[in-house]
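The sequence and the model are shown first, and the description follows.

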Amino acid sequence: MKPSFIKRCNTMLLLFILFSVLCVGQKKNVVILATGGTIAGAAGSGVQSGYTSGQVTIDAMINAVPDITKLAEIKGEQISNVGSQDMSFEIMLKLAKRIAELTKGANVDGVVITHGTDTMEETAYFLNLVCKTDKPIVLVGSMRPSTAVSADGPLNLYDAVAVAADPNAKNRGVLLVMNDWIHSAQSLTKVSTTAVQTFMSPIRGLIGTTAYGVNEYYRLPHSKYGSQSEFSVDNVTALPRVDIIYADVDMPADLIDCSVEKGAKGIVIAGVGNGNMTKSALEACTRAVKKGVTVVRSTRVATGNVGRNVEVNDDQAGTIASYDLNPQKSRILLSVALLKQRKPAEIQKLFSDY
């Protein structure tokens, strides 16, 4: 071989190695959208149970975890600063639209949302239905305020950024990262009022785990999400009213009638057992359906599916079975589904698909 050819080959090899090193060492860009919650909470001392949510800004939270900047280039935005008991569809729509703006650009690789735990599963599931991107969207929170002796927020935030910056987290739908576990928005639910390990995915199991920023993934979500979703909130400013009514022993019918009178477009029954309710309540549901209100039968039981036409004749009553969606997620799906006119069979299929 000619020396000049060998020299050119060596030069190309050096350039390739340099390019590879630069690519490997290049940090991902993650935006943190803050909404408040316990992770941004503060108390008068480090050992008291009472605290006020939404007191700490996103910049202060980022600065409290210095090593987080080794994971990614991070920018923070304050969307709201409320306890998640005050989360609203207005804030959720704002989040969805901001995520759409951010993820369209090549300069954002993932999004983290800090959020209170009380309604986190509802926001996560909503975003899972309406966000079209395949880039990681990760919700994170804490069970202890930032001032607690053993605050769980800093490490949770560190792990959430690690997942959002991880290319292997792409196309897994909206995720929730807390206490070393990675959940799917489709399957997670809050199971304890105070325990740090408050979120579980009891039917489908975890998406994966994370340990100090090292992530492992087990599966993909089981239903439609992201680019597969047919839902859009691009031009939506409000969602239709959907009420949840809790079933119990000797359940009266008047709450269902009242919900209809107050203008609900949909009703979710948190039924006993397999989505059951008293005879008078079921008759009220049938009346509601005849007035154009969509009624979904879910269950107050922690796990299990609500089947169609099992103990309740849904075909006759005109009701919808929620399958494996709990009442709060059933309400989110029904609220989004009712943004356009759909036949009962079409809505029932949505509960199967999502």
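In which loop is Asp250 found? In this predicted model, Asp250 is found in the loop between E11 and helix H6 (254-261). Asp250 has a positive phi of about 60° although it is not a glycine. With a relative accessibility of 67%, Asp250 counts as exposed.

Asp180 also deserves attention. Although Asp180 is not a glycine, its phi is positive, at about 75°. Asp180 is found in the loop between strand E5 (174-178) and strand E6 (181-184), and it is partly exposed, with a relative accessible area of 34%.

**The chain as a whole**

The chain has 354 residues, of which 51% count as buried. Its secondary structure comes to ten helices and 14 strands. Among the contacts with a separation of 6 or more, 70% are between residues 24 or more positions apart.

Strand E3 covers residues 110-114, and five of its five residues are buried, so the strand is largely enclosed by the rest of the structure. Gly110, Val112 and Thr114 point one way from E3, while Val111 and Ile113 point the other way, and all of them are buried.

E3 pairs with strand E1 (residues 28-36) through five bridges, and the two run parallel. Within this pairing, Val31 has Val111 in E3 as its bridge partner. E3 is also joined to E4 by four bridges, again running parallel; here the bridge partner of Val112 is Val138 in E4.

**An open sheet of four strands**

Another group of strands is described next. Strands E11, E12, E13 and E14 form an open sheet in the order E11-E12-E13-E14, with parallel pairing. Strand E11 (242-246) and strand E14 (320-321) stand at the edges with a single partner strand each, so one side of each is left without a neighbour in the sheet. Strand E12 (residues 266-271) and strand E13 (residues 294-299) pair in the parallel sense over six bridges. Ile269 stands opposite Arg297 in E13.

In general, the strands of a sheet pair through backbone hydrogen bonds, in either a parallel or an antiparallel sense.

**Nonpolar cores**

The largest nonpolar core holds 79 residues; those that touch the most other members are Leu33, Val112, Ile113, Phe126, Leu127, Leu129 and Val130. Helix H3 (residues 89-104) gives the most to this core, with eight residues. Ile113 touches Leu33, Thr35, Leu95, Ile99, Leu127, Ile137, Val138, Leu139 and Val140, leaving aside residues up to four places away in sequence. A second, separate core has 16 residues, among them Met251, Ile269, Met277 and Ala281.

**Two further residues**

Where does Ser330 lie? Ser330 lies in helix H9 (residues 327-337). Ser330 is buried, with a relative accessible area of 0%. When residues up to four places away in sequence are not counted, Ser330 touches Val268, Val296, Ser298, Ser322, Leu325 and Phe351.

Ala151 has its place in the loop between strand E4 (137-140) and helix H5 (153-164). Ala151 is partly exposed, with a relative accessible area of 27%. Not counting residues up to four places away in sequence, Ala151 touches Arg144, Pro145 and Ser146. Ala151 and Ile39 are 112 residues apart in sequence and 8.5 Å apart in space, C-alpha to C-alpha.

The table lists the accessibility of the individual residues discussed above.

| Residue | Relative accessible area | Class |
|---|---|---|
| Ser330 | 0% | buried |
| Ala151 | 27% | partly exposed |
| Asp180 | 34% | partly exposed |
| Asp250 | 67% | exposed |

**The cavity**

Rolling a probe the size of a water molecule over the atoms shows where empty space is left. How many cavities of 30 Å³ or more does a search of the whole structure find? The search finds one cavity of 30 Å³ or more.

The largest cavity has a volume of about 90 Å³. Its lining consists of 14 residues, of which Cys131, Thr133, Gly173, Tyr225 and Gly226 lie nearest its centre. By type, the residues of this lining divide into five nonpolar, six polar and three charged.

Conventions. Residues numbered from 1 in each chain as written. Predicted model: local features only at pLDDT ≥ 70, side-chain atom pairs only at ≥ 80, totals over all residues. Heavy atoms only, no water. 1 Å grid on protein atoms, 1.4 Å probe; cavity = no way out; pocket = protein on both sides within 12 Å on 5 of 7 lines; lining within 4 Å. Points joined across faces, edges and corners; volume = space filled by probe spheres on them. Nonpolar A, V, L, I, M, F, W, Y, C, P; charged D, E, K, R; others polar. Pairing = 2+ DSSP bridges. Core = buried A, V, L, I, M, F, W, Y, C linked by side-chain atoms within 4.5 Å. Buried < 20%, exposed > 50% of the residue type's maximum accessible area, 1.4 Å probe, protein only. Contact = heavy atoms within 4.5 Å.
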